[in-house]
Amino acid sequence: MAQSYKSLKEDFVSNLPGSGIGEINWVTAVAPAAVLLWSVLQSRHDFFSDYGLVAVLTDFLLNVTAILSAITIYSSSPVVLNLLLLSPAVCLYLLHPQSRTRQKRPAQPPPTNGQASAHKEQDGLGALSERPFVTHYRGSMMVVTCLAILAVDFKVFPRRFAKVETWGTSLMDMGVGSFVFSAGLVSARPVLKAQWADSQSSVGASLKAAFRHSLPLLALGLVRLYSVKGLDYAEHVSEYGVHWNFFFTLALLPPLVAFVQVLPTGIVSVDLIALLVSCTFQAVLDSTSVTAYILTAPRDNLLSQNREGLISIWGYLSIFLAGQAIGLDILPRTGSRMSKSIIGIRLNRPKTTRLFVWSVWYGTLLFLAVSYHALGLQVSRRLANLPYVLWVSAFNCTQLALFSAVESLAFPGLYSPSDKKSERQRRKHATSQVLAAFNRNGLAIFLLANLLTGLVNLTTDTLQAGQGKAMVILFAYASILSITAMTLHWKNIAIKM
């Protein structure tokens with residue numbers, strides 16, 4: 001790659017101001033809107049039960065192409081795209097009868113905690129259940145993340161959606177945080193299983209498992225580092241540092257989380273630990289020269305060359321723990337003795353309601369953090385500071401609440417099965433196979449997306465590509481990712497990293 005072209009590429013993604021939180025919310029609302037239309041088609045017409053070519057293409061168009069459109073050709077009018085998805089969904093929901101396979105939740109008084117736990121154990125359903133709305137949330141997050149990492153190299157992707165230089169908010173800044181939050185959410189499952197079995201791993205065993213989980217991520221980080229440097233690939237140094245990349249951040253998180261998991265979380269809840277870590281980190285940023293060091297220090301040694309990645313890990317740890325706290329709350333079955341809620345207070349409310357409460361909680365804290373009359377801070381993904389942690393947490397709780405609301409509306413009897421087989425059938429009926437495929441092998445698909453992004457950039461002058469050429473490339477790229485994910489899913493292959 002010619003040096004001049006490399007410089008142009010780096011300038012194309014540098015010193016960007018970002019966009020408002022409201023616009024980001026409208027653009028990302030396309031994902032739950034698309035899932036709503038998918039859910040109405042399925043619950044009212046069993047459209048995706050016979051998963052033939054038409055169903056596959058429709059699933060892809062709704063849950064992948066709609067998101068691609070939102071961040072490119074509809075980026076200036078996301079409200080219109082949302083209306084195009086919501087209008088047919090509302091009409092189909094109101095005008096067409098329910099599917100015969102859709103079952104209403106049986107009317108019966110809610111069981112007590114002890115009765116519910118005993119009943120589920122007796123039926124062999126276990127304490128945890130896989131929730132389609134979580135699959136839809138994680139799958140959609142993975143789709144938009146994978147699409148954005150290539151789309152950002154084309155002019156059809158607005159510069160305001162790319163990562164900001166230091167202060168501000170953007171779509172891609174949210175994507176990084178959401179990836180970590182989502183990982184934290186599903187990390188609650190082994191924690192809950194251990195609690196249910198009344199087992200507690202030692203620090204040594206937890207660290208051993210954490211390092212085993214980190215090794216593949218560390219290897220991916222080294223491969224990316226070698227490929228970027230070896231191919232003289234354009235890079236944005238102030239994003240993570242000279243050598244650091246996102247895979248190294250992901251690799252560093254498990255050992256840190258392992259230390260937290262041995263703390264007495266029955267006394268101090270995980271969500272409170274997340275806030276304590278983030279507030280302490282913010283205090284360090286405000287009361288010391290760390291912020292100035294990150295933003296202005298010369299890159300004259302290995303530490304200073306990678307200061308963004310090394311120091312921001314505390315913010316990403318807070319985001320991961322915030323996600324885990326949500327998982328501890330929403331993944332157990334209703335009435336389970338493992339259910340937790342905001343700041344350790346039990347809320348006997350539906351999961352959608354609890355998620356909206358979480359959204360309001362984090363949203364209120366975010367308002368106080370950035371308000372001129374309160375802390376007066378600015379959001380910074382580069383620092384992973386307190387406002388960034390609160391923004392990511394509030395956004396993801398809201399997204400989860402929207403997906404949960406869609407599920408409750410379209411499939412109200414989903415969580416009242418009599419046995420495992422019935423539960424599996426209902427769950428499959430209520431889950432998009434495309435989003436399930438992206439969710440199942442998310443990290444592997446993310447790796448493939450990075451490789452394809454590099455290939456496109458090495459073979460195509462993305463800066464000179466017009467809108468038509470860019471959309472053809474992006475559509476082909478989205479299709480390859482989807483076909484790969486679906487093939488792995490259909491062959492029942494889950495690549496663990």
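This note goes through aromatic pairs, charges over rings and a surface patch in a predicted model.

1. The whole structure holds 14 aromatic pairs. One of them is Trp-38 with Phe-48: the ring centres are 5.0 Å apart and the planes meet at 20 degrees, so this pair is stacked. Trp-38 belongs to helix 3 (residues 30-45), while Phe-48 is in the loop between helix 3 and helix 4 (53-70); the two are 10 residues apart, and the pair links distant parts of the chain. Trp-38 and Phe-48 are both buried.

2. Phe-179 and Phe-246 make an edge-to-face pair, with 5.5 Å from centre to centre and 80 degrees between the planes. Phe-179 lies in helix 8 (residues 171-186) and Phe-246 in helix 12 (residues 246-261), 67 residues apart, and here too the pair links distant parts of the chain. Phe-179 has a relative accessibility of 9%, so it counts as buried. Phe-246 is also buried, with a relative accessible area of 9%.

3. Phe-179 and Phe-246 are part of one aromatic cluster, together with Tyr-240, Phe-247 and Phe-446.

4. Two arginines lie over aromatic rings. Arg-159 has its charged end over the ring of Phe-12, 3.7 Å from the ring's centre. Arg-307 is over the face of Tyr-293, at 5.9 Å from the ring centre.

5. On the surface, a nonpolar patch is formed by Leu-86, Val-90, Leu-94 and Leu-95, which together have about 390 Å² of accessible area. Leu-86 is in helix 5 (residues 78-95). With a relative accessible area of 31%, Leu-86 is partly exposed.

Note on methods: Residues numbered from 1 in each chain as written. Predicted model: local features only at pLDDT ≥ 70, side-chain atom pairs only at ≥ 80, totals over all residues. Heavy atoms only, no water. Patch = residues over 30% accessible without salt bridge, like charges linked within 9 Å, V, L, I, M, F, W, Y side chains within 5 Å. Areas by Shrake-Rupley, 256 points an atom, 1.4 Å probe, with all protein chains shown as cover. Salt bridge = Lys/Arg side-chain N within 4 Å of Asp/Glu carboxyl O. Helix = DSSP H or I, 4+ residues; strand = E, 2+ residues; numbered from the N terminus. Buried < 20%, exposed > 50% of the residue type's maximum accessible area, 1.4 Å probe, protein only. Phe/Tyr/Trp six-rings, centres within 6.5 Å; stacked < 30°, edge-to-face > 60°. Lys NZ or Arg CZ within 6 Å of the ring centre and 35° of its normal.
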